[in-house]
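This briefing looks at pairs of oppositely charged side chains. Please have the sequence and the model open while reading.

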Amino acid sequence: MLSSHLYFYYFYKEGFFMDVEVRLFATFRKGRWKSKHLKINREISIREIIEQIEIKEEELGIVLVNGRHSGIDNKLKDGDVLALFPPIGGG
């Protein structure tokens with residue numbers, strides 16, 4: 001069995017795309033979207049996605065990949081669901 005790194009190299013080299021769903025919450029939806037499927041032809045980090053959708057790192061409160069906390073330098077895989085939340089306050 002190929003390692004995941006080699007698998008993705010083969011996957012991309014052959015011209016296929018991976019599907020990543022990005023879900024935005026609360027104020028991040030303003031002027032954007034609620035949920036969007038992205039077709040990506042290379043390995044990509046969460047940091048690259050937030051830069052593309054113009055969310056500053058300091059604006060992030062919670063970052064989840066497939067329901068689990070994640071750092072923004074982590075790479076996404078085919079089928080991942082990325083959820084981005086701003087800081088949440090309340091009383």
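With which residue does Glu 48 form a salt bridge? The partner of Glu 48 is Arg 42, and the closest N and O atoms of this pair are 3.0 Å apart. A salt bridge here is a side-chain nitrogen of Lys or Arg within 4 Å of a carboxyl oxygen of Asp or Glu, and by this rule the count comes to five. The model is predicted, so local features need pLDDT of at least 70 and side-chain atom pairs count only at pLDDT 80 or more, while totals for chains, interfaces and linings use all residues. Residues are numbered from 1 along each chain as its sequence is written, and side-chain values use heavy atoms, with hydrogens and water left out.

**Links between distant parts of the chain**
- Asp 19 forms a salt bridge with Lys 39, with 3.6 Å between the closest N and O atoms.
- This pair joins strand β1 (residues 18-24) to strand β2 (residues 35-40), its two members being 20 residues apart; strands are DSSP runs of E with at least two residues, and helices are runs of H or I with at least four, numbered from the N terminus.
- Arg 47 and Asp 73 meet in a salt bridge at 2.7 Å, N to O.
- Because Arg 47 lies in helix α2 (residues 46-52) and Asp 73 in the loop between β4 (68-69) and β5 (81-85), the pair ties together parts that are 26 residues apart in sequence.

**Network**
- Salt bridges link Arg 47, Glu 57 and Asp 73 in a network.

**Accessibility**
- Lys 39 is exposed at 60% relative accessibility, as is Asp 73 at 51%, where exposed means over 50% relative accessible area, buried under 20% and partly exposed in between (1.4 Å probe, protein chains only).
- Arg 42 at 40%, Arg 47 at 26% and Glu 48 at 25% count as partly exposed.
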